[in-house]
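Here's a quick briefing to read with the model open in your viewer.

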Amino acid sequence: MEKYLDQSVVGQFALGDAMYFGTLTLGSSKTILTIYLDAESAPLISQPYPQDLAGVLYDLTKVTLLDSIFIGGGTYTKQVPLGGYARSRQLIFDVGYVLFSDSSVNGHQRIFDCLDFSIPNSNDLFFFRSFTSLIDVPDHLPKDLITEDLRLSKEKFGLSMDVNTYSFGDSPKVFLYTGASILSTLRLPLGTLNIKNNPIYTMPTNKGFKVENEISCYLDFDEPKSFWEITKEIESILQLLDLLLGKRQILKSYKLKVNNNKVHPKVFDVYHSAHETEALNDSIHPLERLIQVENETEEFEKVINDWLLKQEEWKFPRGHYFSVFRKPTYTPDTIVKLANVFDLVPDRAYSAEPLSDEILIAKKLCRDAFHPLEDSPERSSVLLNLKRLGEKTLKHKIIDRYEIIKSSGFVDLKYMNDVITNSVDCRNYFVHGNYRKFDYIENFTEFCFLIDTLLFIYGISEMLEAGWTFKNWKPDELNQHFFSRYIVNYDLNLERLKEVSKKGFGIQV
């Protein structure tokens, strides 16, 4: 698949009942298919065009294009000799996924048995040690190792070489791969996850040699799944890995396998444009990870299991949250979206707000007074608010989520309730207008702090509920994880917010 990246590849693509010439461009930010038609070959189909397309590239490689959206085209006319005109048309599609294999596939077919993927920071996240170089190697060791290897080669394969063809010195170096193929095995609701090495190396010569390795996740499903089912699951896993590493991850390598032939399983290479690729390959220090997977394997397994089991119920708040976490933008739309995350959290995640007997009596009296009135916007508004009486407000929902953090012993940030109040008041201003505590444009740093607060509270509370113990993670000035930066800079940002806020701090909310 790599040979097609960042270039336009020609091929034939199916549209309707016929094949048409086209070009497929696999770019880092977008994948585009352009189909070329002439007047005689124009397909007799009307829009909308199919979302799943199949094709054959110039080298006979078959491709399946999934989630393809028609985004435009054009008709071109050219005058030809002896009068008349030649006409042609282009159809342009934005392609979501490209599957490379020797056969096409339907995205809803439950045929895939295994998934193998890596992310840009796989080797940082899974910091298992299986490569090293030995120091203070005894002078005799290289000769002994080579002698034994030559003996085995002669015994097994009939190869005969003399150890004396090698030159030996008094400061030998030994570079070692431990041979660990599977680094760890975890049990997930979907199946069995193996974290594995994928070493690639050249044979040593007088020019030297090269060894590279990329750690990947190999998920063996309990039962076959469709492409779209896998896509939903892998998105949930990527969201968790984003939190663990503190930065956006993408599918760097993505393969699906069909084990209809155990000896030679059918492999589908999957390409998906990242859309935003800057800084994806920056390394992450092992101490910045929320979980040290190689030392806390059981905790990692518990967290990922809890995360996956909650995905269906929590997919909407998570979807909103990670659309911001992956690429924070500090705008009014962002703080509105993040505040809405807490309203999208399932109600059962919040404790009930008890009402006093006096409030319950007043509620009933008000309802009895308004219910018989003629229907009007005012009557509906009052009855709706009476119904909501006792439900938590947005402000108290966010405070509830922060209480998870505080009660865990992770961190206790002073005046947090007041910071939350400012965040909600800011959100309310951009939704309803009217009152604001300070000028959010003139005091942009303080505005950004309010957004970061919502990002911090939701992300940390989710991790703690999933079983994160934070025993090997410490926030400090050298830790560049977003959560660390927020805690380290909290006091400074709090003082700035105090200075510009019109409402006092330390009051009951």
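The largest cavity comes out at about 40 Å³, and it is one of two cavities of 30 Å³ or more in the structure. Keep in mind that this is a predicted model. For the protein chain, the mean pLDDT is 89.

**The largest cavity**
- Helices α3 (227-245) and α4 (297-325) each put at least two residues into the lining of the largest cavity.

**The largest pocket**
- The largest pocket has a volume of about 1500 Å³.
- A total of 31 residues line the largest pocket, and Ile-146, Lys-173, Phe-175, Pro-204 and Phe-209 are the ones nearest its centre.
- By class, the pocket lining splits into 19 nonpolar, nine polar and three charged residues.
- Elements that each supply at least two lining residues here include β8 (131-134), α2 (141-157) and β9 (174-177).
- Which element gives the most to the lining of the largest pocket? That's α2, with six residues.

**How α5 and α9 pack**
- Helix α5 (residues 332-344) packs against helix α9 (residues 416-432) at an angle of about 115°, and their axes are 9 Å apart.
- The crossing of α5 past α9 is left-handed.
- On the α5 side, the contact is made by Pro-332, Ile-335, Val-336, Ala-339 and Asn-340. Their partners in α9 are Ser-423, Cys-426, Arg-427, Phe-430 and Val-431.
- Sorted by class, this α5 and α9 contact has seven nonpolar residues, two polar ones and one charged one.

- In the protein chain, 93% of residues reach a pLDDT of 70 or more.
- Which elements have the lowest and the highest mean pLDDT? Helix α7 (residues 377-388) has the lowest, at 76, while helix α10 (residues 444-466) has the highest, at 98.

Technical notes
Residues are numbered from 1 along each chain as its sequence is written. This is a predicted model: local features need pLDDT of at least 70, side-chain atom pairs count only at pLDDT 80 or more; totals for chains, interfaces and linings use all residues. Side-chain values use heavy atoms; hydrogens and water are left out. Axes are lines fitted to C-alpha atoms, for helices over the stretch in contact, and angles run from 0 to 180 degrees between N-to-C directions. Helices (H or I, at least four residues) and strands (E, at least two) are DSSP runs, numbered from the N terminus. A crossing is left-handed if the near helix is turned anticlockwise from the far one by less than a right angle, and right-handed if clockwise. Contact means heavy atoms within 4.5 Å. Ala, Val, Leu, Ile, Met, Phe, Trp, Tyr, Cys and Pro count as nonpolar, Asp, Glu, Lys and Arg as charged, and the others, Gly among them, as polar. On a 1 Å grid over the protein atoms alone, a cavity is a set of points where a 1.4 Å probe fits but cannot get out, and a pocket is an open set with protein on both sides within 12 Å along at least five of seven lines; lining residues have an atom within 4 Å of a point. Grid points are joined across faces, edges and corners, and a volume is the space filled by probe spheres set on the points. pLDDT is the predictor's confidence in each residue, from 0 to 100.
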